[in-house]
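Let's take a walk through a protein model together.

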Amino acid sequence: MEKGVLIMSTGVLGKVYADGEVIIQQGAAGECMFVIQSGQVEIVQSTDYGEQHLASLRAGDFFGEMAVFEKEVRSATARAVGDARVLKIDKKTLYRRLQEDPLLAVNLLKTMSHRIRVVSAQLALHEPDP
Amino acid sequence: MKLSSESSMLDSFASLANEENSGLTLSNGSRVAIIGGGPAGSFFSFFLLKMAAAVDLEIEVDIYDPRSFGHCGPAGCNHCGGIVSESLVQILAAEGINLPSTVVQRGIESYLVHMDVGSVAIQNQAGEQRIAALYRGNGPREGGESRWESFDGYLQGLATHKGAGVVRKLITGVDWREGYPWLRFADQSESRYDLVAVAAGVNSNFLNMLDGTPAGFEPPCTTRTYVCEFKSSEAEILRILGNSVHVFLLPIPRLEFAAIIPKGEFATVVMLGDDLDQELVHTFLNDPAVRACFPTDAVPCVCSCSPLINMGARKRPYADRMVLIGDSGVTRLYKDGIGAAFRTAKAAASTAVFQGISEEAFRKSFWPACRAITRDNAIGKLMFGTTDILKRFHFLRRVILRMAAREQALRSRKPHMSSLLWNMFTGSAPYTEIFIGAVHPGFIGNLVLNFAANAWRGLQWKKVS
């Protein structure tokens, strides 16, 4: 039998969210971040002008990290697009490891830096011409 | 404050400059040998190459392991219970290493604690499967063609993807000439390396080859464990064991800890204790609480082994151009050996790339990671000693069961006993943290209340009878 063809629900890590199911809700308190194991997750934000799509994330991407590093409520909503399997990472586990191994932060910083770059580029596109 | 941080920065630069002057640093073209292709060896290779690439350092990395993880049974096995702890699963994910479903045979969501006075299921507080049950090799004898991959093979794949080479040569000795380690092979050839990382574990003969080296390593203290595999159908294993690890706190003398771990069409039995022998194994396997956890059609012990585990750290698992990682050096007491391999391997890799490969560099940057584990193990010994006392008293076992069962039933927000049992059995938290939880006034208060309630019920029962 080809490896990986039959994937049983028992042999997986994390939690499976059904299509459209909310993983984190904007405005809610939270103390953990999430890593997508399989499937897709979309990040949306409710504004005065309606719901805005911020990003589509895939397996290996993480989200919810802002609430881990700041004592603020969730800034956006994350919900599954199709079935998505997501692993929760506790703030305590992450901080304990960061204290032992600050190099772990480089991995997180890389992604956060990339996101700032993307947002900067999007803002530049929307800037009115002088 | 400013002066102190400036002087510490100056010290670091001075130390790195000294290492560079003495030639005890990795530079472009340096050669690194890793002895052993298990988790410690693969994690070390992976992080060494990742960090080297980040600072544009081009090095050659060879992993020496004669085994192939494609073989079933002992030939491709690393003799282990096969659990990746909750904390390690999370940390690996944060590192970008997500264990695939082709490697994870069972995502564990609860631990079922069995005692002679009853059983209680301790659920994962996160409400999801965050512990991985898997096979380090390609599964036991009688496994046949499996749809799952070996965990060690998967990690080795990550290392080779980063650029490490796997050499299936048998090493027959280590020599030191002109200050460099030389590896000798069965085909009479030899090879010089700038750094040798020993990740051979305690079940390999390689550690004996280090006797004649200038490093003068002493072998760690070890004890034997017992691991055996029961075969049944996948559906039956799932029906009887579910997605739970079954642990046993039974008043059997010399037995420290025992567990049954469900995996595909097998169930792995792991036993830890003093002087484990056939008699003790037989007593355990025939205990009614244990027998109830096996499918009726299970074929017993299709594959078994009595591997050694590290019980005492080396005082100095490093020297100039040599470092011992994973079980070969320092590991956690009884639990989370793969987590300890990860921590020591990454600490050794970052030291080699950023601080140097001298004894002094390893002492400053690698040893603190090992020391944290050994200090935590001292608390662990105390905790396991206490558990041993608790196991001896029937009344205390009833109190533990009552307290944990009530917390689980009421979904208590502060489940003191459940957290303690969960962390002790899963190895997810440091022993120091578990100890702090055990001396917490909330825990002690609840324990006393449950103790009193149990005593009261006992008195009432006596009156009625």
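At what angle do the axes of helix α10 and helix α13 of chain B cross? Before answering, keep in mind that this is a predicted model. Find helix α10 of chain B at residues 367-392 and helix α13 of chain B at residues 431-438. Their axes cross at roughly 45° and come within 8 Å. Angles from 65 to 115 degrees would count as roughly perpendicular and those under 35 degrees as roughly parallel, so α10(B) is oblique to α13(B). The crossing of α10(B) and α13(B) is left-handed.

Now zoom in on the residues that make this contact. From α10(B) come D376(B), N377(B), I379(B), G380(B) and M383(B), while α13(B) brings Y431(B), T432(B), I434(B) and F435(B). Sorted by class, the contact of α10(B) with α13(B) has five nonpolar, three polar and one charged residues.

Helix α11 covers residues 394-409 of chain B and helix α12 covers residues 416-426 of chain B. The axes of these two helices are 7 Å apart, and the packing angle is about 105°. Because of that angle, α11(B) is roughly perpendicular to α12(B). On α11(B), the contact residues are I400(B), M403(B), A404(B), E407(B) and Q408(B); on α12(B), they are M417(B), S418(B) and L421(B). Five nonpolar, two polar and one charged residues make up the contact of α11(B) with α12(B).

Let's step back to the domains. Chain B is assigned domain 1 (21-69 + 152-219 + 313-377), domain 2 (77-147 + 226-306) and domain 3 (393-464). How far apart do the C-alpha centres of domain 2 and domain 3 of chain B lie? The answer is 24 Å. Where these domains touch, 16 residues of domain 2 of chain B are in contact with 14 residues of domain 3 of chain B. On the domain 2 side, α3 (86-94), β5 (110-115), β6 (118-123) and β15 (244-249) of chain B each supply at least two residues. Strand β6(B) gives the most, with five residues. By class, this side of domain 2 of chain B has 10 nonpolar, four polar and two charged residues.

Finally, look at where the chains meet. The contact involves 27 residues of chain A and 31 residues of chain B. On the chain A side, two or more residues come from each of β3 (32-47), β6 (77-90), α2 (91-100) and α3 (104-126) of chain A. That side of chain A divides into 12 nonpolar, eight polar and seven charged residues.

Notes:
Residues are numbered from 1 along each chain as its sequence is written. Chains are lettered from A and ligands numbered from 1 in the order in which they are written. This is a predicted model: local features need pLDDT of at least 70, side-chain atom pairs count only at pLDDT 80 or more; totals for chains, interfaces and linings use all residues. Domain bounds come from an automatic or database domain assignment. Two residues are in contact if their C-beta atoms, placed from the backbone, lie within 7 Å. Helices (H or I, at least four residues) and strands (E, at least two) are DSSP runs, numbered from the N terminus. Ala, Val, Leu, Ile, Met, Phe, Trp, Tyr, Cys and Pro count as nonpolar, Asp, Glu, Lys and Arg as charged, and the others, Gly among them, as polar. Axes are lines fitted to C-alpha atoms, for helices over the stretch in contact, and angles run from 0 to 180 degrees between N-to-C directions. Angles under 35 degrees count as roughly parallel, over 145 as roughly antiparallel, 65 to 115 as roughly perpendicular and the rest as oblique. A crossing is left-handed if the near helix is turned anticlockwise from the far one by less than a right angle, and right-handed if clockwise.
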